Amino acid sequence: MKYQILASDYDNTLVPFGQSCPRPAVVAAVQKLQAAGGRFVLSTGRGWCAVNRPGQLGGIRFDYAITCNGACVVDRSGSIVAE
């Protein structure tokens with residue numbers, strides 16, 4: 001696999017404005033990357049509590065989330081890695 005990590009912003013990148021979750025094709029692409037051993041990092045200005053809602057990512061499970069414009073980094077389980 002050529003790419004080992006994909007980082008994406010949330011608003012109007014992963015999730016289009018006016019939508020409640022990513023489009024199915026985006027979810028499938030991220031899941032395909034992860035199935036091939038790649039990692040997905042969500043990077044957003046939103047706080048952890050704003051991205052940690054069931055169904056909000058449409059089935060995507062991030063490996064890491066960089067939240068609050070970099071002020072807090074959490075892993076897949078929600079454990080704080082850095083703040």
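Two strands are taken as paired if DSSP finds at least two bridges between them, and the views below show a predicted model.

**View 1. Pairing of strands E1 and E2 in the predicted model.** E1 and E2 pair in the parallel sense, over 4 bridges, and within this pairing the bridge partner of Leu 6 in E2 is Phe 40.

**View 2. The open sheet of 5 strands.** The strands follow the order E1-E2-E3-E4-E5, with mixed pairing. Strand E1 (5-8) and strand E5 (80-82) form the edges, each of them pairing on one side only, and from one strand to the next the twist averages 25 degrees.

**View 3. The largest nonpolar core.** This core has 14 residues, of which Tyr 10, Leu 14, Phe 40, Leu 42, Leu 57, Ile 60 and Phe 62 touch the most other members. Two or more residues each are given to this core by helix H1 (24-35), strand E2 (39-43) and strand E4 (72-75).

**View 4. Surroundings of Phe 62.** Phe 62 counts as buried because its relative accessibility is 8%, which lies under the 20% limit. Leaving aside neighbours within four places in sequence, Phe 62 is in contact with Gln 34, Phe 40, Leu 42, Trp 48, Leu 57, Val 74, Asp 75 and Arg 76.

**View 5. The aromatic pair.** A search of the whole structure finds 1 aromatic pair. Trp 48 and Phe 62 form this pair in an edge-to-face arrangement, 5.9 Å centre to centre and with 80 degrees between the planes. Trp 48, at 23% relative accessibility, counts as partly exposed, whereas Phe 62, at 8%, counts as buried.

Conventions: Residues are numbered from 1 along each chain as its sequence is written. This is a predicted model: local features need pLDDT of at least 70, side-chain atom pairs count only at pLDDT 80 or more; totals for chains, interfaces and linings use all residues. Side-chain values use heavy atoms; hydrogens and water are left out. A nonpolar core is a set of buried Ala, Val, Leu, Ile, Met, Phe, Trp, Tyr and Cys residues joined through side-chain atoms within 4.5 Å. Buried means under 20% relative accessible area, exposed over 50%, partly exposed in between (1.4 Å probe, protein chains only). Contact means heavy atoms within 4.5 Å. Axes are lines fitted to C-alpha atoms, for helices over the stretch in contact, and angles run from 0 to 180 degrees between N-to-C directions. Rings of Phe, Tyr and Trp (its six-membered ring) pair if their centres lie within 6.5 Å; planes under 30 degrees apart count as stacked, over 60 as edge-to-face and the rest as tilted.
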